[in-house]
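Me: I am new to reading protein models. Please take me through this one, one question at a time.

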Amino acid sequence: MNMNKLRSNIVDICNRMNNDGLNQGTSGNVSCRDGLDILITPSGVPYDTLVPEMIVSMDNDGKYEGPLKPSSEWHMHKDIYSAKSDAGAIVHVHSPYATAMSCHRRKIPAFHYMVAVAGGDDVRCAEYATFGTQALSNNMISALTDRCACLLSNHGQITFGVDLDHALWLANEIENLAKQYILASVLGEPKILSADEMFEVIQEFKTYGK
């Protein structure tokens, strides 16, 4: 896929995540691989004014050219691509329910089998660090061990997928799980699936839909 098409796809994903209620204003960010480089949303540009030409091309050292700076969270994007060979695109949002859980610094436990979409028996919550810092990225990478999604304390959530559509789909799934867990908790702490039960689910997910 050529760079112009990728840039257009990033703009489309930004508009979709806002329309889905996952984000608003200038919060959150989106990126995808472009060969050895990264295409990433610019810093501080409202998504309803974003056009493909504004998407920033950045190398794996964080170097870029042009008048617009890459997202302040470029460290997280760079580090995921370096650590996860299967990551083709990344979506970071401040979605309401996932962010609410992150503000309590709570993971999403295995209250529902769909928690396995993140790759394991929970969706971890990374330890807090100031936004835009390498410390935040380091904490995120730790929380993403054997996972493709995590919450970020007092911040939001981040997901990666094979492509932009996959990463956005997963962000919606994480938000839905956070909402379901909060609603279920109104009746008391939900029953948590055992490690053995979740292991069976994870094994099934490896071939589901293939």
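Me: Which residue is joined to His92 by a polar contact of 3.0 Å between side chains?
Reply: A polar contact is a pair of N or O atoms within 3.5 Å; within protein, one must be able to donate a hydrogen and the other to accept it, and residues adjacent in sequence count only if both atoms are side-chain atoms. The side chain of His92 also has a polar contact of 3.4 Å with that of His94. The partner at 3.0 Å is His155.

Me: What kind of model is this, and how are residues numbered?
Reply: This is a predicted model, where local features need pLDDT of at least 70, side-chain atom pairs count only at pLDDT 80 or more, and totals for chains, interfaces and linings use all residues. Side-chain values use heavy atoms, with hydrogens and water left out, and residues in each chain are numbered along the written sequence from 1.

Me: Is His92 buried or exposed?
Reply: His92 sits in strand β4, residues 89-93. Strands (E, at least two residues) and helices (H or I, at least four) are DSSP runs, numbered from the N terminus. Buried means under 20% relative accessible area, exposed over 50%, and partly exposed in between (1.4 Å probe, protein chains only). His92 has a relative accessible area of 1%, so the label is buried.

Me: How many salt bridges does a search of the whole structure find?
Reply: A salt bridge is a side-chain nitrogen of Lys or Arg within 4 Å of a carboxyl oxygen of Asp or Glu. The search covers the whole structure, and the number of salt bridges is 7.

Me: Which residue forms a salt bridge with Arg16?
Reply: The closest N and O atoms of this pair, Arg16 and Asp165, are 2.8 Å apart. The pair links distant parts of the chain, helix α1 (residues 3-19) and helix α5 (residues 164-185), 149 residues apart. Arg16 is partly exposed at 31% relative accessible area.

Me: Why does Asp122 count as buried?
Reply: Asp122 forms a salt bridge with Lys107, with the closest N and O atoms 3.4 Å apart. Lys107 counts as partly exposed, because its relative accessibility is 42%. Asp122 counts as buried because its relative accessibility is 9%.

Me: What is the phi of Asp146, about how many degrees?
Reply: Asp146 lies in the loop between α4 (134-143) and β6 (149-152). Asp146 is exposed, because its relative accessible area is 60%. Asp146 is not a glycine, yet its phi is positive, at about 60 degrees.

Me: Phi of Asn154 is near what value?
Reply: Asn154 is in the loop between β6 and β7 (156-161). Asn154 is partly exposed, with a relative accessible area of 34%. Phi is positive in this residue other than glycine, near 55 degrees.
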